[in-house]
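Visitor: Could you show me how to read the features of a protein model, one at a time?

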Amino acid sequence: MSKLNVPYKIYLDEKDIPSSWYNVRADMKNKPAPLIHPATLKPLTFEEMRPIFCDELIKQELDDNTAYVPIPEEILNFYKMYRPSPLTHAVFLEEALGTPAHIFYKFEGNNTSGSHKLNSAIAQAYYAKKQGLKGVTTETGAGQWGTALAMACSFFRLECKVYMVKVSYEQKPFRREVMRTYGATVTPSPSMETKIGRAINEAHPNTTGSLGCAISEAVEVATSTEGYRYVLGSVLNQVLLHQSVIGLETKAACEKYNIKPDIIIGCAGGGSNLGGLISPFMGEKLRGEADYQIIAVEPASCPSFTRGKFAYDFCDTGKVCPMAKMYTLGHDFIPSANHAGGLRYHGMSSILSQLYHDGLMEARAVEQTSVFEAAEQFARVEGILPAPESSHAIRTAIDEALKCKETGEEKTIILGLTGTGYFDMTAYEKYNDGTMSDYIPTDEDLAKGFAGIPNINL
């Protein structure tokens, strides 16, 4: 058993919920490149973004300089229903591994949506309601974001239209039904309901879909429906801002018991949970106050960081969204139908992409069978069934702890446990039955996606 003198679970008080979000861009010397208009190739203005996004969210998206953004009282009151979330000392996992490392996980699954996504969903729904909108549209991969947004919209009495990646729609019917229970309409993407959906189905018959496809459909509907706007659960600067509550609480828990992390690990799809977890620690690193090894973990089947290109690309398959400079596999890349649906996005947050490009963090790609092996090992000793997405971080945390076992180093590791896997039992079933396989795209596979990346040098 670990000899570190801290409680098994570190609980914070209600007063420890952050009163402001932290904007890591304020401390970045090299700011993330701005979103650009695909026609003019110039940075998008506030007015150009208004048909797509809520006004207040656009202001947050464009603000590179304000370090702390006050959280409105209505959002704070909602946070109090499930925050602060605990930082747990994984003493049983440490014991099972026989490692001198100290492992902690920040658990974000203690709400009905089952994940960290509610942190941003409630903020975006609040600003939509405040603006007097009728409803919002969005995409969802594994379903955590769609579930969270459905809950948030129900709370503020907003209509909610969700386009769910087809493979996840079919694999996770219960997640779909939770969204419908909260009043959302859920459509498998690509669908035949939109021009873009029909075009994608024609170009890729029998496609299982992707987040890029679903984004295109959601944006088309939002921009063509009066009183609607589009909201996004990851990638955007505003989302990472809202998710900073994760890292701020984690840092407060560390300071409470003088825990000094050496390694901070998060799974990476679009970047919301990773960006939220690392933001205040990265701020210290950027200001020269401390140093940490920060690791982004992505699926080997969709390796945006580890094998992608740092370039301006469309954020969606239908090319109706603004263009972002990010690590990307190309907007035409359709990832394999792996079970980590929330990580099946062709690109990555511009903030995280810039930090990675500047060498301030590293990235690992892991295969899904090894991910589920780690998930089951964690579940059997720590008592939480983790989501497939979160289990990427668990895999790498275990790997780092085993390195410490070999070297005798007593490192402290913090990982983001972003949600629960109770709606992912089809995936666990395939792993337990031995029918799960690994898919790693070949260079030729990736070349097809890269071919569609616009040649823009800004």
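Predicted model: local features only at pLDDT ≥ 70, side-chain atom pairs only at ≥ 80, totals over all residues.

Visitor: In what order do the seven strands of the open sheet stand?

Guide: Helices (H or I, at least four residues) and strands (E, at least two) are DSSP runs, numbered from the N terminus. Two strands pair if DSSP finds at least two bridges between them. Here the order of the seven is β1-β4-β5-β15-β10-β11-β14, with mixed pairing. β1 (9–10) and β14 (362–366) are at the edges with a single partner strand each, so one side of each has no neighbour in the sheet. Strand β11 (residues 293–299) pairs with β14 in the parallel sense over five bridges, and E298 stands opposite A365 in β14.

Visitor: Which strands does helix α12 lie across?

Guide: For directions, axes are lines fitted to C-alpha atoms, for helices over the stretch in contact, and angles run from 0 to 180 degrees between N-to-C directions. Contact means heavy atoms within 4.5 Å. Helix α12 (residues 272–286) lies across β10 (263–267), β11 and β15 (412–417), and runs at about 160° to β10.

Visitor: What is the pairing in the open sheet of four strands?

Guide: The pairing there is parallel, and the strand order is β8-β7-β6-β9. β8 and β9 (228–230) are the edge strands, each pairing on one side only. On average, neighbouring strands of this sheet are turned by 20° against each other, direction ignored. Helix α10 (residues 211–224) packs on the sheet and touches β6 (135–140), β7, β8 and β9, its direction making about 170° with that of β6. Between β7 and β8, which run parallel, there are five bridges; V165 has S189 in β8 as its bridge partner.

Visitor: How should I read two helices that meet?

Guide: Two packed helices are described by the angle between their axes and the distance between the axes. Angles under 35 degrees count as roughly parallel, over 145 as roughly antiparallel, 65 to 115 as roughly perpendicular and the rest as oblique. The axes of helix α15 (residues 368–382) and helix α16 (residues 388–407) come within 8 Å, crossing at roughly 85°. That makes α15 roughly perpendicular to α16. Among the residues making the contact are F372 and F378 of α15 and I394 and I398 of α16. To sort such residues, Ala, Val, Leu, Ile, Met, Phe, Trp, Tyr, Cys and Pro count as nonpolar, Asp, Glu, Lys and Arg as charged, and the others, Gly among them, as polar. This contact of α15 with α16 has eight nonpolar, four polar and two charged residues.

Visitor: At what angle do the axes of α2 and α11 cross?

Guide: Helix α2 (residues 55–62) and helix α11 (residues 237–256) cross at roughly 90°, their axes coming within 7 Å. The two helices α2 and α11 are therefore roughly perpendicular to each other. In α2, L57, Q60 and E61 meet N237, Q238, L241 and H242 of α11. The contact of α2 with α11 divides into two nonpolar, four polar and one charged residues.

Visitor: Which residues does the cis peptide bond with omega of about 0° join?

Guide: That bond joins R83 and P84, and P84 lies in the loop between α3 (73–79) and β4 (87–89). The bond from S189 to P190 is cis too, with omega near 5°; P190 is in the loop between β8 (185–189) and α9 (195–203).

Visitor: How many cavities of 30 Å³ or more does a search of the whole structure find?

Guide: Rolling a probe the size of a water molecule over the atoms shows where empty space is left. On a 1 Å grid over the protein atoms alone, a cavity is a set of points where a 1.4 Å probe fits but cannot get out; lining residues have an atom within 4 Å of a point. Grid points are joined across faces, edges and corners, and a volume is the space filled by probe spheres set on the points. The search finds five cavities. The second largest cavity has a volume of about 80 Å³, and its lining includes L35, F53, Y230 and C315. That lining has 10 nonpolar, no polar and no charged residues.

Terms used:
Residues numbered from 1 in each chain as written. Heavy atoms only, no water. 1 Å grid on protein atoms, 1.4 Å probe; cavity = no way out; pocket = protein on both sides within 12 Å on 5 of 7 lines; lining within 4 Å.
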